[in-house]
Each structure stands twice: as C-alpha cells, then as structure tokens.
Amino acid sequence: MQDCHRRGGPASASPSCHTTEAGDQYNGALPNGDRGRRKSRFALYKRPKANGVKPSTVHVISTPQASKAISCKGQHSISYTLSRNQTVVVEYTHDKDTDMFQVGRSTESPIDFVVTDTISGSQNNDEAQVTQSTISRFACRIVCDRSEPYTARIFAAGFDSSKNIFLGEKAAKWKNPDGHMDGLTTNGVLVMHPRGGFTEESQPGVWREISVCGDVYTLRETRSAQQRGKLVESETNVLQDGSLIDLCGATLLWRTADGLFHAPTQKHIEALRQEINAARPQCPVGLNTLAFPSINRKDVVEEKQPWAYLSCGHVHGYHNWGHRSDTEANERECPMCRTVGPYVPLWLGCEAGFYVDAGPPTHAFTPCGHVCSEKSAKYWSQIPLPHGTHAFHAACPFCATQLVGEQNCIKLIFQGPVD
C-alpha cells in the first residue's frame, strides 16, 4: 500500500498517498476528526477486484445528442468539446491490471478521498470560511498497478457519477501528433518530485502540470491560463516517495510503502517528546520546568508549555513582559539577548509522514512555532508551495502557515536544569 498525507500517510500492495490539511488543528488530524472519506491521511490498498480503465474507442461526433448517447452507455469516457458541432469522445474500457482511486472536493460516490480547502494556521475560524473552493469536484485520479512494483500514476480530472470527464469549449485541450486528444483542468493538477527521494538528502524538485492523459508539462503563466506549457518528454506522471500533489487549495504528500517503512513512526515522535521533557528544560528567567504537551493535547496551551523568541531561538516559559509596541502585540524583546521578534508557544509536529529523518526536535518553523528535526525543518523551509493562482511560498507542513524570517525556521536554545 502507499500512503498519501494531506500536507499540509502504512505498507502493503498498492501505493498510498498522504494529504496535509492546514490549520493548527490539522497537525495529524482534521478539526472534527477523520470521518469516512474525509481524512488527514489516506491509505491506498489493492482492491478486491480491479476497477482501472484504459482508453479504447475514439468517436468524433457532430451533435450533442450523439455525444450524450455515447457517454450514457455505462462506460467510462472523456469528452473533448472542440466547437458547438464537434466533440471527440474517447471511450475507456476495463483494465484488469490496475486499480483507480479518485480525489476531489465532491462527496459523490466516485470520489474515494474527499479533500477540502486548506486554511492557513495563522487564520482564525472566522476568517477560515472558504467562500468558494478552488479545488475541482473531481480533481484527479491515481492509477496503481496491481502487480509489483505497484507503480502509481497520476492523471488530472476524475470521472463523475456518469463515468464521464467533460472538457468544455473553454478548457485547454489539443490533439497530439500521434492523434490522441488531451487537455488540462481549470485550475490544474501540479506535481513536484523531490530530488534524491524523501530522505535527509532531499532537495526540492520542479513543479510541473499533469494533463488529463498523464503527460507532464511546464506550468502555465497563471493557474487557469488557456495556453498550456511545454511538454516535458523526459519526465513522467509516476508518483515517487515524497511527491507533492497540488490541487489548488490543498497539497497532498505521497509516501510509498517502502518510504514509510523506513520513516519515523508516531511512537518515535512520542518517544522524542518524552525524551526532551525528561531532560527537564527550564525557563531561564522563571526557572520553572517546561514540557511539551501530549500529542492528544496539542490544541490547548498548557501551563508548562515551552515558548520561544523566534528571532533568536531562546526557549522560555510563558511571561507577559518584553512588549516593544502597542501596535505589534507579538513583538517581544528576549530577556536573554535583547533580540526583538515574535514570541510564540512551541508545538511538536505530530504527523510522522512529514519527517525526512528521525532526528530530535531541535528546530521551529517561523512564525507558527511547530517543532521538528533540523533536516525536516530545513527541507520544508525551502520548498515553494503553490499559493493562489500564480504565487509560491514556503509553508509549515503541519499547519500551512506561510513561513517568514531569514531561514524560515530557527534552531531552538533550551536551558537545562540548574540544579
């Protein structure tokens, strides 16, 4: 299986994919808990019976009625509307060698994994209401081979309840030199494969757009531009461990079964938490002992919660002094080094699938205060995640807050017990 995390992922036969949702409350779980097909992580397993499809017959049709007749035959099909009086319909037939999994905003039965727009952790609940989602109802489909090595491929667009994918007149579409039709969805499906896999040595890759038929293109000028990018013949739509899938409103992290087998686990994260608490870090001013709260208490700031000045990294207990301005409520002066900057509670990053190594939690993302290993923090700090229709910025994988500061993260300076 493979595992897919919603940014901002177990191991068996077919690949699985992780998505990360955003918001502080998304750090390993959705705000209202995982329910049915709406989860913070999805696992893809080999189905009892294959449900994959592959292209078969192509029809060129001049009347809308004929197009509807073909798409209503109970077979999967993709319709490309070229003009009012010409539509190309590509029928798909059963493929006994693959399993298909569909991802999108729709709660209709063809969607295996329901995703909703990710809200940055820096926004409160009043601001977090998404008025109009930019995620497609039938955003993409992942097709996994049923035999080893269980290769997983991603395609833009998913089949609806009528088993149809419909690309209207305004959608970007074209006929390839070999004669087969292809196209792009309105806001596109973007994929980034990391260089060096998902390991301590990983480096960000290049964002590409995936077509309806699974070809790889450079990005359009803006997310929904009519003109497609250039075909990248040297790259494929095969998902790799650590591949990021962006659906314009939510970003998914794909983890393979083998990748997760070698990754830290939830138990390891908990052991790291207990280890750092056992060292009895102290507030250098109040001299009270600090402790990271248990993972199931990650929404509530506790009395012993460690806080940090994110400009210098000095860790303290909570105190109410050091304000430098009435207008900048969170600008504080560190009593240890006089550096002025944000002062926030620290939270342990709980989603193990986002860690590139099993190192101790020594670094915090700025400005949200989520803590993880140095290599994990530095990896995510340099990844430009799509934002809106044409912007990219680094974000905390645990809560989707846009990162700031010189390095986007800071090394924490703990003081041990003085006794």
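Predicted model: local features only at pLDDT ≥ 70, side-chain atom pairs only at ≥ 80, totals over all residues.

Me: Which strand pairs with strand 6 over eight bridges, and in what sense?

Reply: That partner is strand 4, residues 52-61, and the pairing is antiparallel.

Me: And how many bridges join strand 5 to strand 6?

Reply: Seven bridges join them, and the two strands run antiparallel. Strand 5 covers residues 76-83. Within this pair, T81 stands opposite T87 of strand 6.

Me: What do strand 5 and strand 6 form together?

Reply: They form a hairpin, with two residues between the two strands.

Me: Is strand 6 largely enclosed or open?

Reply: Strand 6 spans residues 86-95, and seven of its 10 residues are buried, so the rest of the structure largely encloses it.

Me: New topic: where does N176 lie?

Reply: N176 is in the loop that links strand 12 (173-175) with strand 13 (181-183).

Me: Buried or exposed, and why?

Reply: N176 counts as buried because its relative accessibility is 10%, and the cut-off for buried is under 20%.

Me: Which residues is N176 in contact with, leaving aside neighbours within four places in sequence?

Reply: N176 is in contact with D182, D215 and Y217.

Me: What about W174, then: what joins its side chain to that of N176?

Reply: The side chains of W174 and N176 are joined by a polar contact of 3.2 Å.

Terms used:
Residues numbered from 1 in each chain as written. Heavy atoms only, no water. Helix = DSSP H or I, 4+ residues; strand = E, 2+ residues; numbered from the N terminus. Buried < 20%, exposed > 50% of the residue type's maximum accessible area, 1.4 Å probe, protein only. Contact = heavy atoms within 4.5 Å. Polar contact = N/O pair within 3.5 Å; in protein donor to acceptor, adjacent residues only side chain to side chain. Pairing = 2+ DSSP bridges.
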